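Dear colleague,

I am passing on the structure we spoke about, with the sequence alongside. Please look through it first, and then read the notes that follow.

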Amino acid sequence: MSQNNDPNNRADEPETQAGSSQSGSEESVSNGEVLDDSGRRTFLKRAALGGGGALLAGGASYGFIKSELKGKPISDYPMIDEAIFKPKDQRATVLAFAHSQNLADRYPERTTQYSALHNKDFNFQEGFDVMYSLPWDNNKPGYTQMDRALQKAGWEPLVVAGSRMVANLQPDTPLHSWDQSDVEKEQYQFDNEKQAGDAIKSAARVFGALKCGIAKRDKRWDYDPLYDPENDQELSWENDFPFVPKTVIVMLVPMDYDCIATAPAWTADGTAADGYTKSSVLANQMAKFLRGMGYHAVGAGNDLGSSVPYAIMAGLGEGGRNGALLAPGIGPRHRICKIYTDFEFVEYDQPHTWGMTEFCLSCGKCADACPADAIPKMESENGGYGFEPNYEFSDEPGYTWNNHHGIKKFYSDSKKCYNFWVENGSACGACIASCTFNEPDMWHHVFIMGVTPKSPDILHKWMAEAHPAFGYGRTGDPKKAEKFWKTGEGMRTNTEMKNNIGTSNKS
Amino acid sequence: MELAQWFLMGVIFTIGVFGLTYLSLLVKLKWYTWASLSIGIVAILFGIGWAGASFLEGIAQSGAMALIFFSGSGVILMVLTWRYLVVPELNQPGTTPAAEGRKTEQ
């Protein structure tokens, strides 16, 4: 073996940037020689050193990402302007208004003002009938008979259970009954509050919750007064609700990635409807679980209180530009349900941040994707983030009747959103599908989620642009519907979020 | 399939470590040259891993972009490091294989 081929000798050479060594390398390859014993030992030592270093670096990266995914506790939520804030009347919600002719008669200006400002003759109360009566077109992907069938099948269990209206803020439906006659007389006693919290989250996971958090009941987020749109009846917490709630358990149910990606096509409403169905069943089971342990409990969908702030208080996520809860790992691709209970010997979760609301200030993809133009764009005053709505016509007296004023957040115009549903023939979901945080459950998205809080704003803008460039979040694409109907082969997308480091939120 | 991907990534990563180790026996380089080559290899592997996950989740465009941006950046970094820090002689006129070939023909 020549001296140049002896790796030990080579390592002893003066530290140069190695033109001569290159020739030695070529010689080694051309002669096909192998390392001698001492060379092999050196090789193995260095390989072990390099591999060990790489493993350590990998382990440190994993630990860092896992730590970041837990989020950071925050103390500044909610930020409220006390001069403006007041409890939200449930009658001042678009879906309750859309389902009540009595409210239409009582507040005719809501309809006349909207129609005048948008130069159209829009009837909120006829909206759902018009929406579902639009004919399908089997030559238009996403709007075929099959898509309509998927949508209706998604709602069917709620229809059978007489609880379809849970999505439209109807309280006291059969699935979320206020009847407390089955509360066990003996109350189960936990050893400590943590044990109670863990037990509740374990039960929630069994019944299908993706995440579960526990918050103190907060009257600021409860609708007050409550309203029964079907019977045009105002309800009070003090006289009508069956007990004094102390705790609100909040749970998330996932929606299918490929299905919501078809938005705003009818196909997307299939998973939205299914999300409502599954979340309603989940809330029903969890309420029964608590009543079985001797505590009063009532399940809720969109009724009783605002789901997003309660979910934030329960440490499940942050508020997004699209008005939805952004949960780490899944973004807004979920449905929220709640349990109101008088059980209070439990460890409460805290609001956390993962840097998502801050990211929304640099992103705006949902606003760009919104076919109704109902979400504040990046160009809006303060990026659309503030204590008052600042979308189109929000300075018209009374126009923002549907918003809960005085909370620092992104305000959207849900009237325009609903108007688009009616014209589209289905609920939309484009703001969910286009969200930068709506990702499939794969390691690289978990990685990006982990590094987001530590990345600067300038990088957020780049990441927001990279999202569609990498093929994610495009909406209004008929190919998405065609693709969805082929995804059954192989069942690619895992909705169980096993990579999301704990399905039962230990915040 | 995800498990298979992790296994394959482990194999590729190990090959990368062995490759760098073997290189360390052949040439003596400055620390920043090693750092640059290592970053290049990690970028290439990151892109391959990203692409694998993207193809598995059905977003092929993401996989292609990852190969271009992450792995491509890694390849460019390694090539530049090799040419300018490891074997700068390659950049002298008349030292490339093509130039050698031309000399022979003359």
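Among the contacts in chain B between residues at least 6 apart in sequence, 63% join residues that are at least 24 apart. Please keep in mind throughout that this is a predicted model, and that every value here is computed from it. Chain B has 106 residues, of which 29% count as buried, and its secondary structure consists of four helices and zero strands, so that reading along the sequence gives the pattern α-α-α-α.

Two of these helices deserve a careful look together. The axes of helix α2 (residues 31-57) of chain B and helix α3 (residues 60-86) of chain B come within 8 Å of each other, and they cross at roughly 165°. Because angles over 145 degrees count as roughly antiparallel, this crossing makes α2(B) roughly antiparallel to α3(B). As for what lines the contact of α2(B) with α3(B), its residues divide into 19 nonpolar and 11 polar, with no charged residues among them.

One residue of this pair can be picked out, namely F55(B), which is found in helix α2 of chain B. Is F55(B) buried or exposed, or does it count as something in between? F55(B) counts as partly exposed because it has 17 C-beta neighbours inside 10 Å, whereas a residue is called buried at 20 or more and exposed at 12 or fewer. Leaving aside residues up to four places away in sequence, F55(B) touches A60(B) and G63(B).

Turning to chain A, you will find 19 helices and 12 strands there. Chain A has 507 residues, and buried residues make up 47% of them. Of the contacts in chain A with a separation of 6 or more, 78% are accounted for by residues 24 or more positions apart.

Chain A is also divided into domains: domain 1 covers 1-8 + 36-69, and domain 2 covers 76-484. The centres of domain 1 of chain A and domain 2 of chain A, taken over C-alpha atoms, are separated by 50 Å. The contact between them takes four residues from domain 1 of chain A and six residues from domain 2 of chain A. On the side of domain 1 of chain A that touches domain 2 of chain A, three residues are nonpolar, no residue is polar, and one is charged.

Note on methods:
Residues are numbered from 1 along each chain as its sequence is written. Chains are lettered from A and ligands numbered from 1 in the order in which they are written. This is a predicted model: local features need pLDDT of at least 70, side-chain atom pairs count only at pLDDT 80 or more; totals for chains, interfaces and linings use all residues. Axes are lines fitted to C-alpha atoms, for helices over the stretch in contact, and angles run from 0 to 180 degrees between N-to-C directions. Helices (H or I, at least four residues) and strands (E, at least two) are DSSP runs, numbered from the N terminus. Angles under 35 degrees count as roughly parallel, over 145 as roughly antiparallel, 65 to 115 as roughly perpendicular and the rest as oblique. Ala, Val, Leu, Ile, Met, Phe, Trp, Tyr, Cys and Pro count as nonpolar, Asp, Glu, Lys and Arg as charged, and the others, Gly among them, as polar. Two residues are in contact if their C-beta atoms, placed from the backbone, lie within 7 Å. Domain bounds come from an automatic or database domain assignment.
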